[in-house]
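Colleague: I'm new to reading models like this one. Could we go through a few residues together?

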Amino acid sequence: ISFLDDPNNPSNRLVQMQSTTGGTGATTSEAEIYLPSKFFEGTYATRIYFNDTPASGADGDHVVTTFFSICVPCWTMQNDPNYRENDFEYLPNGGWGATGPRMYFTTWETYQDSPRWKATNASTNIAASYAGWHNLVMQVSGGHVKYYIDGALVADHSGIYYPEGPMTLNYNLWFIDGTGASGTRVWQQRMDWVYFAKDAVLTPAQVDGIVAN
């Protein structure tokens, strides 16, 4: 994780996350940023740069670039009803049985990992490239989790999937698996800003105005 001068604005700084892999666990290093478990209802937002290709090395990895909230720790048993997680996840080369590039919006009630994997969530996805800068907004309020990209509503999940309490706020850049690519591959994502408004439902335009000021 590093801090960089913004090439488009000399007075601004960016944060960059970098993850590398050689295709095995022993050759893999992944990056994550997380904030304390104090975020619940309100408006979450960030400006983030997604890449469709690695910064170096062969393309093709099933890599996941994310902005999300999650309860840590609150999964203490199989299908724990207290588990909660809200995800923006961009997969430039696909994964999880889908081809890429693809953006997922997923709101979790719970899951089990034994004796077989079972996910209990609401998930929406868009098959499109999101390479470049984008503004992501997530509203958590009134029993609904709403996801926006660049001002457009792209998912609305409710019912049992609505979170029960505080979560951490996170970025993560990770690999689903090792692919057939050879050599070391380096992937990056950048973030300009992050914003949270507690107990307030703000439109993407309102968030943009607050950040601009």
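Colleague: Which side chain of opposite charge is nearest to aspartate 6?

Modeller: Welcome! This is a predicted model, where local features need pLDDT of at least 70, side-chain atom pairs count only at pLDDT 80 or more, and totals for chains, interfaces and linings use all residues. Residues are numbered from 1 along each chain as its sequence is written, and side-chain values use heavy atoms, leaving out hydrogens and water. Aspartate 6 is buried (under 20% relative accessible area, with a 1.4 Å probe and protein chains only) and has no salt bridge, which means a side-chain nitrogen of Lys or Arg within 4 Å of a carboxyl oxygen of Asp or Glu. The nearest oppositely charged side chain lies 5.0 Å away, and it belongs to arginine 47.

Colleague: Which backbone nitrogen does the side chain of aspartate 6 reach?

Modeller: Aspartate 6 sits in strand S1, residues 2–6 (strands are DSSP runs of E, at least two residues, numbered from the N terminus). At 2.9 Å, its side chain reaches the backbone nitrogen of asparagine 8.

Colleague: Which cysteine does the disulfide join to cysteine 71?

Modeller: The count comes to one disulfide, a pair of cysteine sulfur atoms within 2.5 Å. Cysteine 71 counts as buried because its relative accessibility is 8%. With S to S at 2.3 Å, its partner is cysteine 74.

Colleague: How far apart are the C-alpha atoms of alanine 31 and asparagine 172?

Modeller: Alanine 31 belongs to strand S3, residues 31–34, and is buried, with a relative accessible area of 8%. Asparagine 172 is 141 residues away along the chain, yet the two C-alpha atoms are separated by 6.0 Å.

Technical notes. Helices (H or I, at least four residues) and strands (E, at least two) are DSSP runs, numbered from the N terminus. Buried means under 20% relative accessible area, exposed over 50%, partly exposed in between (1.4 Å probe, protein chains only). Lys and Arg count as positive and Asp and Glu as negative; His and the chain ends are not counted. A polar contact is a pair of N or O atoms within 3.5 Å; within protein, one must be able to donate a hydrogen and the other to accept it, and residues adjacent in sequence count only if both atoms are side-chain atoms.
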